[in-house]
Amino acid sequence: MKFYDEIKSAILHRLESGLPDVLSYHSVGHTKDVQKQAERIALAENVHSTEEIFLLKIACLFHDTGFLFTYSKHEEMGCQIADEILPAYGLTPKEMKIIKGLIMATCIPQTPLSPLEEIICDADLDYLGRDDFFSISKKLFKELLAMNFVKTEDEWNRIQVKFFKQHSYFTQTNKDLRTPKKLEHLKVIEASLNT
């Protein structure tokens, strides 16, 4: 659909060659994972429109492209990059508006305004309720340490506890599938703070 494979190849190549090495969490692997989870959630949430799935997949590819240029407000930069690249592939202004809405929905705190935006938000933070949570969390800690956003693991765990308590999944699919495990992870992190 509308040069999807071409767009995907170009963006993944750009991320692989351009993302700073210090981004151990916001990597190409994260972008691929978000796209995979978004497709899974969309199907489970009965999103069958080829057009909607296409726009969702494109937004997943672009949602962290802003990290190529900036760490703060990377979502806005991602929208600019989408504006520069996607019209050449024939995407309409209406489609561009949806894609940019999807990218901006991933800003923390997340405030999705449509079912598709809820899906990309849940895909972006899917790992919170998965078995691989602790290995992924370590990557984010390493990245934040390198960027001087945190100083110690204890400080990081306090941030995680606060974040977990403020976060909830939006789609019924992830509420059911990911919330129980997420609550288990929260207990483990809280216990580590009490030792």
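**Ser24 and its surroundings**

Modeller: Leaving out residues up to four places away in sequence, Ser24 touches Lys139, Lys142 and Glu143, where contact means heavy atoms within 4.5 Å. This is a predicted model, in which local features need pLDDT of at least 70 and side-chain atom pairs count only at pLDDT 80 or more, while totals for chains, interfaces and linings use all residues. Residues are numbered from 1 along each chain as its sequence is written, and side-chain values use heavy atoms, with hydrogens and water left out.

Biologist: Thanks! Where is the place of Ser24?

Modeller: Ser24 sits in the loop between helix H1 (4-18) and H2.

Biologist: And is Ser24 buried or exposed?

Modeller: Ser24 has a relative accessible area of 18%, so Ser24 counts as buried (under 20% is buried, over 50% exposed, and in between partly exposed, with a 1.4 Å probe and protein chains only).

Biologist: What lies 2.7 Å from a polar atom of the Ser24 side chain?

Modeller: That is the backbone oxygen of Lys139.

Biologist: New topic: at what angle do H2 and H6 pack?

Modeller: Helix H2 (residues 28-44) and helix H6 (residues 115-124) pack at about 130°, and their axes are 8 Å apart. H2 and H6 are therefore oblique to each other (under 35 degrees is roughly parallel, over 145 roughly antiparallel, 65 to 115 roughly perpendicular, and the rest oblique).

Biologist: Which residues make the contact?

Modeller: From H2 they are His30, Val34, Gln37, Ala38, Ile41 and Ala42, and from H6 they are Ile119, Asp122, Ala123 and Asp124.

Definitions and conventions: Axes are lines fitted to C-alpha atoms, for helices over the stretch in contact, and angles run from 0 to 180 degrees between N-to-C directions. Helices (H or I, at least four residues) and strands (E, at least two) are DSSP runs, numbered from the N terminus. A polar contact is a pair of N or O atoms within 3.5 Å; within protein, one must be able to donate a hydrogen and the other to accept it, and residues adjacent in sequence count only if both atoms are side-chain atoms.
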